[in-house]
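Q: Got this one loaded and want to go through it. Can you take me through the main points?

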Amino acid sequence: MANLPSLDTQARVASDAAQNFVEHYYQSLNKRQPLAQYYASISPHLTSASVKPDISINGRVVESTAAYEALLDAQGANVHYDIASFDAHPVNPNYGLGCPENLSPAADANEGGGGPGRGKVAKSIKDGDRVSFAVQVSGTIRYGNPSDAPVAANAAAEAGNAAAVEGAPVETGFNESWLLVPHWEALGRNAARGLRKWVVVSQNFRAF
Amino acid sequence: MAPMGPKKGSTRNAQSNTGKPNSRGGISKRRGAGPLKIDRDGDLNMDASANASHPNSKRPNNNSTPSGPATRTSSRNPRPTAKAQQIIQRALNGDASQISSRRVSRRADTEPLVTLKVEGLKASKAASNQGGGVRELLTFIERKAKSPGQITRPIKIRKSQMSGDFVYITASKEDAPQILKLNNFLFAGATLRITEAPEGIPNRDSTPLSSTALEIKEQLRSVLSTRYDVNAKLLNLSTLGEDPQLNQMGFFRGEATPEKMFRALMAVCDGLFKTAQAKRDAIVSISLAGNNVNDVLQIMSLTDTFPDVVNLDLSRNQFKDLKALQKWRHRLRSLQTLLLNENPIEVANPNYKAEMITWFPKLLNLSGTQVRTPEQVAAAEAASRPTPIPQSGPDFRDINRVGEGFITEFLPLYDTNRHNLAAKYYDEQSTFSIAVNTQSPHAPDVPLPTWGAYIRFSRNHMKINHPPARHQRLFTGVNQIQQFWRQLPPTQHPNLTAQLDKYIVDCHPIHGLADPVGHNPLGVDGMIITIHGEFDDQELGTTKTAKRSFSRTFVLGPGAPGRNPIRVVSDMLSVKAFKNLPTSAPTQTTTINDQQKEQMLLELSKQTGMTPEFSRLCLDGANWNFDQALASFHEKKAQIPREAFITAV
């Protein structure tokens, strides 16, 4: 356990990974592209360790990414998420759930690469590859296309009666808190390409 | 391709293309045009290049090019309309032709420039020259200002603009004193008064129009008034080419093209209305029938001036395909009636209607045929309108009431004793940071708060990109956090139990946190809590208070042995302008039937040990939201009288 990443490394990895996640996730969301790749349910290793994403949307627990996408589809077209702020913290410097045999610290010894604490796994841990992290996003959701705005409805929306105004594109704030963990399939020597390096295990969304 | 109206700057190009060294700026236009653009039917012809294919091939080629030989010959003819055209352009068009840029060198951008005001041109003989004598005046100044000793460096006037009785000129700081020496010089029989104009060249809009321009504007206005039907709210601009008044004004002779005339007309229209709403109220329908238009580019200004027109008659024009209408595809969003009868497109592309219907979502009547019903429009609009994901009550999946205990203790302590709070729940690995969202939606009547006390610590990753800056704004360990919390303004959070409606708290278990003892490589369980609410803060050193909204995410885990059993792993605070939280949809209450209520009663009674009567009270208070009822039971447990419990009976 002596080989944990420094606090500096943990924070940097969390920030960079969060940045990458936020940029890609909300872009996919706005284009209504499939979101499954972002969630832990995509990883057999995590799934076999009973790790599944816990998705809570406006207080409602959503069973799966597919169910969440159904909720998004039910919103209709022209819903745009805009990020105004996000922040990220490391949570566990060396996340362990679902870690496959060949990536466990014991694997270093088997490779004969110089004993425990000196092999590739140890280096990967030290580099912060296995950091789990929390992200808090704050932004705005725009419902409707601003160019379609009937002027009168717009004025009503400004009066603060957000969702109730018929036909007006309304804006509402939202907060989304995330927890992401390493995606084992994306780590290691023979990792498939194009996988997200971290996947979501907890999502807490609220619009207001 | 149909000729387009001149774009900004094209007049200047036209100038330089003539190659005349003494041509000054874009004031005088040298674009030639044929004498009269009316076809055999008397229709105004807006498309000169279409003439070739037009049966009337005897007509001279009107296609105006800036540098053709025809241009030069025609420009020699002095025409009374030329000046009028200039003035109307200057007054209405708003392009940059008036401020002529002459021989602007690259240096002009960096050099400090001085604006001078020259008086006396109006009184001079040169005023009667073509172009008002400005050109002669500028040449005179440049020549005379060149002092004898400095033959090598010519004096340059960068810009000039005639405004009322004055000519404003701009020159470099070096040249300006030389020009000022010409004060009281005699120019074409008049004494020049040259003074500095520190206010710069007056804004074009503020300069009063010359009497000629006003007159033309007045005439256009009178044309419009004869063509406006106040009862039908119809602006009838059909067969403009036959309009006696417009013909009398010479719009279809000389340099003026019908497109420019149309733009001027639209500009005058624009000036008649104070607000867009007034415009919408006054003009619902516009007819442009019988104007020989073959591409909407020629009447593009219509959509700028009347973007919300409801009924538009384009019949008896020359639109031959969809391409000719393409530029309006995303405009005129309120269009309900569009008449394209007696256009070539009817024969050339009989399927044009299907396409037009998709272009204009509110179109009901196309060329006299009903293509949609108002009900269909309303239905389509309703279908395209997004509906936000509904709000539900709190999703508070607590473990042994750890989250509830933490959050109820946390908020008051954060207001009153941050030091002790940090000492209890935070350890050497705990992290805290704050992120300011300055762009959050807020109620319009609330003044925006200032962020001075927070912004320099804000770790908003959208703004703070560099790793060192991010590092600096992350507070790790109880000492750093205690120290930082002292620097944050004092706060006052509403009481969580008494004012639960001011908060939304969600939480659920998570797994795989670092084991503080280090025994379990798979980690330990914990929970994530997100709380949304508000607080009042007080600016340090003042009594100024502000209300803000916040969202705060905690990751909680078991504490190390010998420490508090619960530790904060991570604490992220997001602050934003105040806005009330939404109330969860009350639809749930209406859908709950008596049988469900009975079940909830039994369940609550079973879980809490309360009598059915008190369980009913509790559920009533929570609008028959079971989770909420259970939560409020736990919050108020201490205050509940003993007789409420079955065991107490």
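**Sheet and interface**

A: One pairing to begin with: Ile55(A) sits opposite Gln203(A), which is in E6(A). Keep in mind that the model is predicted.

Q: In what sense do E1(A) and E6(A) pair, and over how many bridges?
A: Parallel, over 4 bridges.

Q: What is the strand order of the open sheet in chain A?
A: The order is E2-E1-E6-E5-E4-E3, giving 6 strands with mixed pairing.

Q: Which strands stand at the edges?
A: E2 and E3 of chain A. Each has a single partner strand, so one side of each lacks a neighbour in the sheet.

Q: And what does the twist average from one strand to the next?
A: The average is 20°.

Q: Helices now. Which strands does H1(A) lie across?
A: H1(A) lies across E3, E4, E5 and E6 of chain A. Relative to E3(A), H1(A) runs at about 155°.

Q: Changing topic to the contact between the chains. How many residues does each chain put in?
A: Chain A puts in 61 residues and chain B 60 residues.

Q: Which elements of chain A give two or more residues to that side?
A: Among them are the helices H1 (7-31) and H3 (65-75). Strands also contribute, including E3 (79-92), E4 (132-143) and E5 (170-182) of chain A.

Q: Which one gives the most?
A: E3(A), with 10 residues on the side of chain A that touches chain B.

Q: How do the residues on that side divide into nonpolar, polar and charged?
A: On the side of chain A that touches chain B, 27 are nonpolar, 25 polar and 9 charged.

Notes: Residues are numbered from 1 along each chain as its sequence is written. Chains are lettered from A and ligands numbered from 1 in the order in which they are written. This is a predicted model: local features need pLDDT of at least 70, side-chain atom pairs count only at pLDDT 80 or more; totals for chains, interfaces and linings use all residues. Two residues are in contact if their C-beta atoms, placed from the backbone, lie within 7 Å. Ala, Val, Leu, Ile, Met, Phe, Trp, Tyr, Cys and Pro count as nonpolar, Asp, Glu, Lys and Arg as charged, and the others, Gly among them, as polar. Two strands pair if DSSP finds at least two bridges between them. Axes are lines fitted to C-alpha atoms, for helices over the stretch in contact, and angles run from 0 to 180 degrees between N-to-C directions.
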